[in-house]
Amino acid sequence: MAKDDNHPRPSLQQALESLFGTVQGESASLISLPGGSRLFSTGDESDHLYLLSSGRLGVFRHDEDHDELALIGIIRPGEPVGEMSLLAGSAHSYTVMALRDSDLLAMPRDDFLKLVDSRPDLLLALSRKVIERVRRDVPAVNPNVFAFYSICDQPIRPMVERIATQIRALGYKVAVLDKAFHGTSPEAFSNIETDNDYVLHAAERHESHWRLLSSRQVDHVFLMADARERPDAIEVEGERSLLHRAPDLVLMYPSDQAKAHHANGRTRTWLDQVRPTRWFHVYPDDIHDLGRMARIITGHSVGVVFSGGGARAFSQIGAIQALREAHVPIDFVCGSSMGAILAATLAMQWDDAEIERRIRDAFVDSSPLDDVTFPFLAMTGGRKVDERLEKHFGEMQIEDMPLPYFCLSSNLTTGTLKVHKTGTLRKALRASISLPGVMPPVIEDGEVLVDGAVMRSFPATMMRNTHLGTVIGVDVTRARGVDPKALSVPKNLAGWFARGDWRRGPPIVSIMMRSATITTAADLAQSRAATDLLIIPEPAGVEIRDWKAYDKAVENGYQTTVATLAQLESPVTTLRKLGVSLHPNIPAFTPDDSYIEAASQPPQKQGTRFGLFG
């Protein structure tokens, strides 16, 4: 046994408190930092060591892609601030802002360096902290204090209490704070946070003084609006001026209003005024909507991602059936190409029977690609697809859909992805499935849009940035897409037409569809790694344009999803929080499709394509 084992080294917090305690009143000073204000910015001179006494600080770095500050870490009471730059003798590499009203002790750099000579334990502890923070590429960001601010006359405190009840049902301790806590000190707020897993602030419309104090104590804000009203531009702008980060918007609906027609196009007006990060449609008395809000707050939400894949994507309908059968909640949905259409059926909250009826009518009963035309722009005119999208999705706006949804198309004009989060759903879907050479592209705002799978067939990485919870991916991009037998030139064109095979399009359609949607190994590996639960149906015998193989593909997707879920040792909603992922033990890319036969065998407990990875 080492000789100092009976004398454990003091923690960094203990060492810092001891150090600051010896010099309090001499060189150290107390700083009170209001929530939303900066302690220092990137490039500022490092001239002090700070110790956070109460409150919370956020560490931000500049996101060049979006020209904004991105939160990458949180500093809690008892932790040092600015130690890396101080020890290195360099300027600050990050911006630090107060996420709460915060109190700090500050010691000038020269005084710290003099004192640390006699405190090797402190220098060692600080060095360990530096190494710990450097090794973490992205420090953990776990928001646990949320605010609900009303911008309507409808009382929101009862709804916040019901959300808190749902959070408690997940096993967490929750405190709800209202105007009675106006005047609370930063230290008292810190103690409330320490005693609870989550803290919810509720402020009614005219509780301006409480709202002003509260806005300096929270991680994230939900603005609560009555969906039947029109936004007050002046009031909304006033709300935004209190917040140092973009809020989420919650549009509330009366319980007697049918969900099928809840928004009626009004969402866009609210989005233009509030400019929220995300938005949600909620019925305050609906336990399912309240449960969704609880999951979103606690990181137990579930996002589902569907890949492109032509007719093979019908497997995703089977996945929907299996997930619903297993009572897996679904809170966010996205997709690309054919996966965008199937994701839309899920975001519209159609039941299984309606999904089957509409998809059969649109794609199975008769081919959507048999309006063959002279190929000036494509093999087909795209008119039948336009008609069917209009028939089944009408004038539905993406922002009005019951569940948060987005889909992708590829912008040939700019060479970038187009993310469709608002606008007319059928137009976005038409762009997302416009395979080059097969269907004419979509022209929107002077730009040429084609199939999303051309640039990204499986947008799991984008879903992971949408919410804090589990990401489920259903990926058919690597399934065998083109059967060589299907590429033979018909010997008898009359027979080919008589059998109706022409309705699937000539074999060149398969080649163009497959060529336009092949995903690179690196992109696929990155996308698959972004999922917590990865489901890979292998619909053997289903060719990429074989629309009649609906039943076979759906059954394969159902069975694969059931088998995958059976391997889980914890609920789907906990996977991301527990750091447990279920991934197929197969490479993202193989030189051929030989693994399909092995993968199609029933999974075993060990040595199969299913395995748990921490």
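Predicted model: local features only at pLDDT ≥ 70, side-chain atom pairs only at ≥ 80, totals over all residues.

Begin by selecting the six strands that form an open sheet, in the order β10-β11-β9-β12-β13-β14. The pairing in this sheet is parallel. Strands β10 (174-177) and β14 (279-282) stand at the edges; each has a single partner strand, so one side of each is left without a neighbour in the sheet. On average, neighbouring strands of the sheet are turned by 20° against each other, direction ignored.

Next, select β10 together with β11 (residues 198-203). These strands pair in the parallel sense over four bridges.

**A pair of helices**

Move on to helix α12 (residues 338-347) and helix α13 (residues 352-364). Their axes are 10 Å apart, and the helices pack at an angle of about 145°. The crossing of α12 past α13 is right-handed.

Which residues meet where α12 and α13 come together? Select M338, I341, L342 and T345 in α12, then I355, I359 and F363 in α13. By class, this contact has six nonpolar residues, one polar residue and no charged residues.

**The annotated residues**

Finally, select S337 and D451, which UniProt lists for "active site" in an unreviewed entry. Although spread over 115 residues of sequence, they cluster in space, with a largest C-alpha distance of 5.7 Å.

Focus on S337, in the loop between β16 (332-336) and α12. Is S337 buried or exposed? S337 is buried, because its relative accessible area is 5%, and buried means under 20%. Not counting residues up to four places away in sequence, S337 touches G308, S432, I433, D451 and A453.

Then turn to D451, found in strand β20 (residues 447-451). D451 is buried, with a relative accessible area of 0%. Leaving aside neighbours within four places in sequence, the contacts of D451 include S337, S409, S410 and A431. D451 is also in contact with S432, I433, S434, L435 and P436.

Methods:
Residues numbered from 1 in each chain as written. Heavy atoms only, no water. Pairing = 2+ DSSP bridges. Helix = DSSP H or I, 4+ residues; strand = E, 2+ residues; numbered from the N terminus. Axes fitted to C-alpha atoms, helices over the stretch in contact; angles between N-to-C directions. Left-handed = near helix turned anticlockwise from the far one by under 90°. Contact = heavy atoms within 4.5 Å. Nonpolar A, V, L, I, M, F, W, Y, C, P; charged D, E, K, R; others polar. UniProt positions renumbered as here; feature names shortened; annotations may be inferred. Buried < 20%, exposed > 50% of the residue type's maximum accessible area, 1.4 Å probe, protein only.
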